[in-house]
Amino acid sequence: MELDLAGAELKAVLNRLRRAQGQISGVIRMIEEGRDCEEVVTQLAAASRALDRAGFAIIATGLQQCLVDMENGRRTGEDPEKMRARLEKLFLSLA
């Protein structure tokens with residue numbers, strides 16, 4: 001299954017990943033500075049949510065592409081049930 005992110009979708013995913021990257025850098029600095037545990041965990045949770053949202057956006061795009069391909073009668077060469085199982089596994093990996 002090939003992912004085809006374009007335009008706004010790509011920009012949104014990249015923005016989420018950059019936000020998570022910044023938050024993780026902040027968490028590292030906070031730990032190095034000996035900051036309060038609660039503050040560190042709060043920032044770490046925010047980074048985790050940003051990563052999850054980026055992953056869900058990627059999966060949603062993949063699902064949308066699969067539906068469009070099926071509606072247009074295009075075959076990817078992959079059994080639809082196998083594709084569904086792969087997408088489900090990806091989705092659950094973020095849960």
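**Figure 1. Contacts across the chain in the predicted model.** Among contacts in the chain with a separation of 6 or more, 69% are between residues 24 or more positions apart. The secondary structure behind this figure consists of 3 helices and 0 strands, in the order α-α-α from the N terminus. The chain has 95 residues, and 22% of them count as buried.

**Figure 2. Helix H1, residues 7-32.** H1 contains 26 residues. From its first C-alpha to its last, H1 reaches 38 Å, close to the 38 Å expected at 1.5 Å a residue. Which residues of H1 are buried? They are Val 13, Ala 20, Gln 23, Gly 26, Val 27 and Met 30. After H1 comes Gly 34, which has a positive phi, near 75°.

**Figure 3. A nonpolar surface patch of about 440 Å².** The patch is made by Leu 10, Leu 14, Leu 17, Ile 24, Ile 28 and Leu 51. Helix H1 gives the most to this nonpolar patch, with 5 residues. Leu 51, also part of the patch, is found in helix H2, which covers residues 37-71. Is Leu 51 buried or partly exposed? Leu 51 counts as partly exposed because its relative accessible area is 38%, and the class partly exposed lies between under 20% for buried and over 50% for exposed.

**Figure 4. Salt bridges of Arg 35 with Glu 33 and Glu 39.** How many salt bridges does the count come to? The count comes to 2. In one of them, the side chains of Glu 33 and Arg 35 meet with an N to O distance of 3.5 Å. In another, Arg 35 pairs with Glu 39, and the closest N and O atoms are 2.7 Å apart. Through shared partners, the salt bridges join Glu 33, Arg 35 and Glu 39 into one network.

**Figure 5. Accessibility of Glu 33, Arg 35 and Glu 39.** Glu 33 has a relative accessible area of 52% and is therefore exposed, since the class begins over 50%. Arg 35, at 40% relative accessibility, counts as partly exposed. Glu 39 also counts as partly exposed, at 36% relative accessibility. These three residues form one network of salt bridges that share partners.

Technical notes: Residues numbered from 1 in each chain as written. Predicted model: local features only at pLDDT ≥ 70, side-chain atom pairs only at ≥ 80, totals over all residues. Heavy atoms only, no water. Helix = DSSP H or I, 4+ residues; strand = E, 2+ residues; numbered from the N terminus. Buried < 20%, exposed > 50% of the residue type's maximum accessible area, 1.4 Å probe, protein only. Contact = heavy atoms within 4.5 Å. Patch = residues over 30% accessible without salt bridge, like charges linked within 9 Å, V, L, I, M, F, W, Y side chains within 5 Å. Areas by Shrake-Rupley, 256 points an atom, 1.4 Å probe, with all protein chains shown as cover. Salt bridge = Lys/Arg side-chain N within 4 Å of Asp/Glu carboxyl O. Expected span 1.5 Å × (residues − 1).
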